[in-house]
Amino acid sequence: ELAFRALGRKYGCDLAYTPMLHSKIFAETPRYRQDHFQSNALDRPLAVQFCANNPKTLLKAARLVEDHCDAVDLNFGCPQDIARRGKYGSFLMEDWDRVHDLILTLKLNLKVPVWAKIRVFPDLDKTIAYARMIEAAGASVICIHGRTRDQKGNDPGPADLERIRDVAAQLRVPVIANGNIQSYADALHVLKVTNCQAVMSAVGLLTQPAIFSGQRPEPIEMAREYLSFADEYAAHFRMVRPHLFQMLYAHLRHRPDLLATLAKTKQTDAGALASYSPFLDLVLAEVGTLEEAQAEQQKMRELEDAAAAAAAVAAENGDQLDASSDDGQVTVSLDGRKLTKRDYKTLLRKQRTMQRTKQAFAAAAIIHSGKPPPIIDTQRAVGE
């Protein structure tokens, strides 16, 4: 949204896109337009991105924004289930006639250029033919995401940069490469490998809004800057917290308790910055800088590995871990390495693999009066 685009532009982003807007809802619902589309004179160059499957409806939506943007972009790359159910995004990859008609309708009727974003097919020749068809229909710029429709989710695998390069080489229009960009160095690498005219970052930019500047500001400070823009541009409160999750997750991945606190923090009439500043202060006090947080995460990974190794040895030998008590502190030892009650509780806060920790420390359950240790459901905590 506008507030996040303003933050990205401040840190070197040359071109920004809106979120993907549903053309039918946009065309028919004023409240949807009010909540999901904002812009101003500084918000340029700007591409307004739509998903669609009906040319007439798409044109109606696009005409509402053509005076406020530099291009209208059609998203033919969304691989999510909602796109499958709605028959748009990458689920039009088999319906070339419809894709052609959507682009051509805008090309013939809008004042601004028409762009398109696509994914690749497993077959290179088919991808080239698809991209050439989109170019012939009237797309002035094509963005190529170097993954197939099935490559999605939390671990989609790397984008195929060579595939992007090979397709781009067969087109006359400028091509934007998308995929594998988590840093400024990545952006330069993708430009070099693909020979494209530009690169796009989506997930990487959400986590590091300054990615195109080559800088690495502290996530907490980036969050404060974003909240200031959110107040300045009256960002919808439902958009604010997801951005904070993205910016702070690497900082807090070992602290599901703080992620749960963020999930429960509500934005008040005082504004975004005032509402979330106490939480950011809490993070700084308890976790520190990103470097300090990552050092703590590394320590926890080492403790987890040691505990798992101890549990494996105990299971193989049919024995329990060596546990002793000293002034109320229960210590579990393996080869002279001590894991204290404090370590144990810290691991419970951190675990991404909670069940593994429960098994690893089963022999040390005496610190909970013989009861199994409590296990935190991180997925539920983050999703609340």
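A residue counts as buried when its relative accessible area is under 20%. In this predicted model, phenylalanine 121 has a relative accessibility of 6% and is therefore buried. Phenylalanine 121 sits in the loop between strand 5 and helix 7 (124-137). Its C-alpha lies 9.7 Å from that of aspartate 150, and 29 residues separate the two in sequence.

Strand 3 (residues 46-51) pairs with strand 4 in the parallel sense, over four bridges. In this pairing alanine 47 stands opposite alanine 71 of strand 4. The chain passes from strand 3 through helix 4 (residues 55-63) to strand 4, and this β-α-β crossover is right-handed. Strand 4 in turn pairs with strand 5 (residues 114-119), again in the parallel sense, over five bridges. Here aspartate 73 stands opposite tryptophan 115 of strand 5.

Strand 4 (residues 71-76) is largely enclosed by the rest of the structure, because six of its six residues are buried. In a regular strand, side chains alternate between the two faces of the sheet. In strand 4, Ala71, Asp73 and Asn75 point one way. Val72, Leu74 and Phe76 point the other way, and all of these residues are buried.

Strand 5 and strand 6 also pair in the parallel sense, over five bridges. Alanine 116 has isoleucine 142 of strand 6 as its bridge partner. Strand 6 and strand 7 (residues 175-178) run parallel and are joined by four bridges. Isoleucine 142 stands opposite valine 175 of strand 7. From strand 6 the chain crosses through helix 8 (residues 161-168) to strand 7, and this β-α-β crossover is right-handed.

Strand 6 (residues 141-145) is mostly covered, with five of its five residues buried. Val141, Cys143 and His145 lie on one side of strand 6. Ile142 and Ile144 lie on the other, and both faces are covered.

Several backbone features lie in loops. Most residues other than glycine have a negative phi, and most peptide bonds are trans. The peptide bond from arginine 44 to proline 45 is cis, with omega near -5 degrees. Proline 45 belongs to the loop between helix 3 (30-36) and strand 3. The backbone oxygen of proline 45 lies 2.9 Å from a polar side-chain atom of arginine 9. Arginine 9 is part of helix 1 (residues 2-10). Its relative accessibility is 18%, so arginine 9 counts as buried.

Lysine 87 has a phi of about 60 degrees and lies in the loop between helix 5 (81-86) and helix 6 (96-109). Lysine 87 is partly exposed, at 38% relative accessibility. Asparagine 195 also has a positive phi of about 60 degrees. It is located in the loop between helix 9 (184-194) and strand 8 (198-200). Asparagine 195 counts as exposed, at 55% relative accessibility.

Glycine 271 lies in the loop between helix 13 (256-264) and helix 14 (272-286). Glycine 271 has a relative accessible area of 12% and is therefore buried.

Rolling a probe the size of a water molecule over the atoms shows where empty space is left. The second largest pocket holds about 330 Å³ of space. Its lining comprises 17 residues. Thr207, Gln208, Arg216, Ala250 and Leu290 lie nearest the pocket centre. Helix 11 (219-232), helix 12 (237-252) and helix 15 (290-317) each supply at least two lining residues. Helix 12 gives the largest share, four residues. By class, the lining has nine nonpolar, six polar and two charged residues.

Technical notes. Residues are numbered from 1 along each chain as its sequence is written. This is a predicted model: local features need pLDDT of at least 70, side-chain atom pairs count only at pLDDT 80 or more; totals for chains, interfaces and linings use all residues. Side-chain values use heavy atoms; hydrogens and water are left out. On a 1 Å grid over the protein atoms alone, a cavity is a set of points where a 1.4 Å probe fits but cannot get out, and a pocket is an open set with protein on both sides within 12 Å along at least five of seven lines; lining residues have an atom within 4 Å of a point. Grid points are joined across faces, edges and corners, and a volume is the space filled by probe spheres set on the points. Ala, Val, Leu, Ile, Met, Phe, Trp, Tyr, Cys and Pro count as nonpolar, Asp, Glu, Lys and Arg as charged, and the others, Gly among them, as polar. Buried means under 20% relative accessible area, exposed over 50%, partly exposed in between (1.4 Å probe, protein chains only). Two strands pair if DSSP finds at least two bridges between them. A crossover is right-handed if, with the strands pointing away from the viewer, the path from the first strand over the helix to the second runs clockwise. A polar contact is a pair of N or O atoms within 3.5 Å; within protein, one must be able to donate a hydrogen and the other to accept it, and residues adjacent in sequence count only if both atoms are side-chain atoms.
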